[in-house]
Amino acid sequence: TPGASLLLSFLMPLVAGSVSHLLPRALHPGQQTTWPHAARKHLGRGGGLRAMALLIGGVSAGLGYRFGWVLAVIAVSVFLAQILLMFIMIRTSDYSS
């Protein structure tokens, strides 16, 4: 459907990029120390590949190919795994100060 294609190919990369930048700032408001910069760098890794996978997945899903949905789900799953690893990184490192 055209709506799903727009969601996957345009809005999801936009939201993922925004979350990559704003989530560390929201979790650690005020003066930015070492860990928000490290978390932002961690979440930004693979951003170009993630955006390309979502773009290709969205266009493919819009054209009726089932693998487009699979590609988009994989890209979003990898991003969610990066967010979980960021929380683990915060708890196990000395970036918490």
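Let me start with Tyr 65, which is partly exposed, its relative accessible area being 47%. Please keep in mind that this is a predicted model. Phe 67 also counts as partly exposed, at 48% relative accessibility.

I bring up these residues for their rings. The count of aromatic pairs comes to 1. In that pair, the ring centres of Tyr 65 and Phe 67 are 5.8 Å apart and the planes stand at 40°, so the pair is tilted.

Phe 67 leads on to the helices, as it is one of the residues of α4 that meet α3. Helix α4 covers residues 66-92, and its axis and that of α3 come within 7 Å, crossing at roughly 150°. How are α3 and α4 oriented to each other? With angles over 145 degrees counted as roughly antiparallel, α3 and α4 are therefore roughly antiparallel. Their crossing is left-handed. On the α3 side, the residues involved include Arg 50, Leu 54, Ile 56 and Gly 57. On the α4 side, they include Trp 69, Leu 71, Val 76 and Phe 79 along with Phe 67. Sorted by class, this contact has 11 nonpolar, 4 polar and 1 charged residues.

Next, the other contact of α3. Helix α3 is residues 47-62, and it packs against α1 at an angle of about 160°, with the axes 6 Å apart. So α1 and α3 are roughly antiparallel as well. This crossing is right-handed. From α1, the contact takes in Leu 8, Met 12, Pro 13 and Ala 16, among others. From α3, it includes Arg 50, Leu 54, Leu 55 and Val 59. The residues here divide into 9 nonpolar, 6 polar and 1 charged. Arg 50 and Leu 54 are listed in this contact and also in the one with α4.

Last, α1 and α2. Helix α1 is residues 2-27 and helix α2 is residues 34-44; their axes come within 8 Å and cross at roughly 155°. That makes α1 and α2 roughly antiparallel, therefore. Which hand does the crossing of α1 and α2 have? It is right-handed. Val 19, Leu 23, Pro 24 and Leu 27 are among the α1 residues in this contact, and Trp 35, Pro 36, Ala 39 and Leu 43 are among those of α2. By class, there are 8 nonpolar, 3 polar and 2 charged residues. Ser 20 of α1 takes part here and in the contact with α3 too.

Terms used
Residues numbered from 1 in each chain as written. Predicted model: local features only at pLDDT ≥ 70, side-chain atom pairs only at ≥ 80, totals over all residues. Heavy atoms only, no water. Axes fitted to C-alpha atoms, helices over the stretch in contact; angles between N-to-C directions. Helix = DSSP H or I, 4+ residues; strand = E, 2+ residues; numbered from the N terminus. Parallel < 35°, antiparallel > 145°, perpendicular 65-115°, else oblique. Left-handed = near helix turned anticlockwise from the far one by under 90°. Contact = heavy atoms within 4.5 Å. Nonpolar A, V, L, I, M, F, W, Y, C, P; charged D, E, K, R; others polar. Phe/Tyr/Trp six-rings, centres within 6.5 Å; stacked < 30°, edge-to-face > 60°. Buried < 20%, exposed > 50% of the residue type's maximum accessible area, 1.4 Å probe, protein only.
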